[in-house]
Amino acid sequence: MKILLPALFVLAASLAPAAQAKEAPSVAQSRSQIQQLVEQFKTAIKAHDGEGMARLFMPGSSWFQTLDDASYEKVKVKEPNARQVTPGDFQKFSQFVGKASKPIEETFDNVRIETDGSIGTVYFDYVFLESGKPTNHGAETWQLVRTPDGWKISAMLYSVVLDDRH
């Protein structure tokens with residue numbers, strides 16, 4: 001019995017890491033899941049699905065935008081107290097998406113995804129369109145975390161270059 005007990009302990013200990021490895025998705029699976037999150041984001045915008053958009057974010061997530069210098073100067077002409085870097089939040093954006101009266105869309109190019117299976121980042125170039133016409137473009141980055149409910153955006157930062165509207 002004294003020999004059997006340590007042998008069972010060694011066997012159980014050797015199986016535990018294998019069981020844990022099966023629970024966590026591989027890096028390739030995580031990349032695929034993050035790509036699905038990107039597609040859900042784009043789809044929610046086009047579908048005016050504000051509630052669906054809000055579900056993609058962690059409560060209390062961080063959100064900042066920064067205007068490029070030329071856009072900042074244009075904005076300051078109309079709003080002298082405007083700031084170049086401004087905070088925002090996913091709730092306001094989700095409401096905007098849900099209440100938009102015109103067709104809206106965000107296109108993503110040069111999407112880069114990095115992850116270790118628990119956290120991740122997405123970095124891409126974007127163009128925001130209203131009624132098929134660009135309103136602004138820039139670069140955008142998300143910080144992500146894998147939760148029991150799937151991947152969520154925990155922070156968003158993006159640059160804004162205002163496009164001339166004719």
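Buried here means under 20% relative accessible area. Keep that cut-off in hand for the first stop. The model is predicted.

**Stop 1: Ser61**

Select Ser61. Strand E1 holds this residue. Is Ser61 buried or exposed? Its relative accessible area is 14%, under the 20% limit, so Ser61 counts as buried. Now show what surrounds Ser61. Beyond its neighbours within four places in sequence, Ser61 is in contact with Phe90, Ile153, Ser154 and Ala155.

**Stop 2: helix H4**

Move to H4, residues 69-78. Colour Ser71, Tyr72 and Val75; these are buried. They span an arc of only 100° around the axis, so they sit on the same side of H4. Next, pick Asp69 and Val77. Both are exposed, on the other side of H4. What covers the buried residues of H4? E1 and E6 are among the elements that do.

**Stop 3: the largest pocket**

Turn to the largest pocket. Its volume is about 660 Å³. The lining counts 28 residues, and Gln65, Phe93, Asn136, Tyr158 and Val160 are the closest to the centre. Select those five to centre the view.

Then show the elements around the largest pocket. At least two lining residues come from each of these:

- strand E1 (57-67)
- strand E2 (85-87)
- helix H5 (90-99)
- strand E4 (119-130)
- strand E5 (133-147)
- strand E6 (150-162)

Which of them gives the most to this lining? E6 does, with four residues. Colour the lining by residue class: 14 are nonpolar, six polar and eight charged.

**Stop 4: the second largest pocket**

Go on to the second largest pocket, with a volume of about 220 Å³. Here 15 residues form the lining. Select Leu37, Gln40, Gly52, Arg55 and Leu56, the closest to the centre of this pocket. Helix H2 (27-46), helix H3 (50-54) and E6 each give two or more residues to the lining. H2 gives the most, with six. By class, the lining of the second largest pocket has five nonpolar, six polar and four charged residues.

Finish by selecting E6, residues 150-162.

Notes. Residues numbered from 1 in each chain as written. Predicted model: local features only at pLDDT ≥ 70, side-chain atom pairs only at ≥ 80, totals over all residues. Heavy atoms only, no water. 1 Å grid on protein atoms, 1.4 Å probe; cavity = no way out; pocket = protein on both sides within 12 Å on 5 of 7 lines; lining within 4 Å. Points joined across faces, edges and corners; volume = space filled by probe spheres on them. Nonpolar A, V, L, I, M, F, W, Y, C, P; charged D, E, K, R; others polar. Buried < 20%, exposed > 50% of the residue type's maximum accessible area, 1.4 Å probe, protein only. Contact = heavy atoms within 4.5 Å. Arc of directions from axis to C-beta.
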